[in-house]
Amino acid sequence: MKMHGIMSPQSEHERVDDFEARLLAEQKRHTEEFRQFAYAVSHDLREPVRMIASYTQLLERRYQAQFDSDGLEFMRYIVDATQRMDRLLGDLLTYSHQFRTADQPLELVGPEGALNGAVLMVDAAVKESGAQVNNGPLPSVMFDFAQLTQLFRQLITNSIMFRGSEPPRIHVSAIDRVDETQFSFRDNGIGIDPRYHEQIFGVFKRLHGREFPGTGIGLAISKRIVEQRGGKIWVESQLGQGATFHFTIPK
């Protein structure tokens with residue numbers, strides 16, 4: 001009669017550790033493969049897309065007199081479509097950059113510097129819309145400065161994009177707690193139906209079709225940045241009453 005030995009607690013613990021290590025390695029491998037794939041797709045496709053737009057514009061300039069009104073309108077459709085595709089691929093490239101290991105060293109970051117940098121990055125949109133961005137006291141946090149700037153940029157861009165009839169007013173505030181810091185971005189935009197509060201953070205999720213510009217990736221980028229550092233992001237909003245985006249950064 002064959003006797004089966006009883007596995008010791010130590011060996012069972014080693015098996016669990018080994019399984020978790022292999023699972024983590026596999027997750028990292030898939031994440032890196034996705035990041036490389038997204039980078040290759042967005043980076044390599046942008047060149048032919050831009051070439052299509054450039055040669056279409058060149059045709060319009062050189063042979064404008066030979067096209068009727070329909071032909072000129074068709075070329076504008078081509079240019080508009082390729083420019084939108086270029087923006088979409090650019091956002092996809094930014095999104096793929098967030099799929100990196102979260103074990104990179106963090107630093108003590110002053111959020112006001114990141115906020116000022118983000119406003120400068122969208123200076124043209126700020127001036128065009130007449131937006132005003134102000135903030136209350138923002139405590140320093142352990143984070144990656146470039147990622148925090150990117151996060152602020154995405155949220156500011158979102159508020160400017162979905163503005164109402166009045167110029168955008170964006171206020172940034174923070175609550176410093178024992179175990180986390182909560183940031184809030186409040187705006188006076190068109191607001192969001194509560195039914196879509198979760199949906200808007202998905203990749204390519206657009207609630208307004210082409211009524212508003214954008215690619216539907218900005219909030220997905222924000223969500224990825226926050227969750228990669230162990231935080232969470234959500235929105236409080238009603239239609240026609242603006243929106244407040246909250247996110248937390250653990251200490």
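Q: Is Asp 193 buried or exposed?
A: Asp 193 counts as buried because its relative accessibility is 16%; buried means under 20% relative accessible area, exposed over 50%, and partly exposed in between, using a 1.4 Å probe and protein chains only. Keep in mind that this is a predicted model, where local features need pLDDT of at least 70, side-chain atom pairs count only at pLDDT 80 or more, and totals for chains, interfaces and linings use all residues. Residues are numbered from 1 along each chain as its sequence is written, and side-chain values use heavy atoms, with hydrogens and water left out.

Q: Which side chain does Asp 193 meet in a salt bridge?
A: That's Arg 195, at 3.2 Å from N to O. A salt bridge here is a side-chain nitrogen of Lys or Arg within 4 Å of a carboxyl oxygen of Asp or Glu. Arg 195 counts as exposed, at 62% relative accessibility.

Q: How many salt bridges are there in the whole structure?
A: The search finds six. One of them joins Glu 180 to Arg 177, with the closest N and O atoms 3.2 Å apart. Glu 180 is buried at 18% relative accessibility, while Arg 177 is partly exposed at 32%.

Q: And what does Lys 251 pair with?
A: Asp 176, with 2.8 Å between the closest N and O atoms. This pair links distant parts of the chain, 75 residues apart: Lys 251 sits in the segment after β7 (243–250), and Asp 176 in strand β4 (residues 169–176). Strands are DSSP runs of E with at least two residues, helices are runs of H or I with at least four, and numbering goes from the N terminus.

Q: How accessible is Lys 251?
A: Lys 251 is at 59%, so it counts as exposed. Asp 176 is partly exposed at 46%.

Q: Switching to helices: at what angle do α3 and α5 pack?
A: About 55°, with the axes of α3 (residues 111–121) and α5 (residues 145–161) 8 Å apart. Axes are lines fitted to C-alpha atoms over the stretch in contact, and angles run from 0 to 180 degrees between N-to-C directions.

Q: Which residues make the contact?
A: On α3 they include Pro 111, Leu 115 and Met 121, and on α5 they include Phe 145, Phe 152 and Arg 153. Contact means heavy atoms within 4.5 Å.
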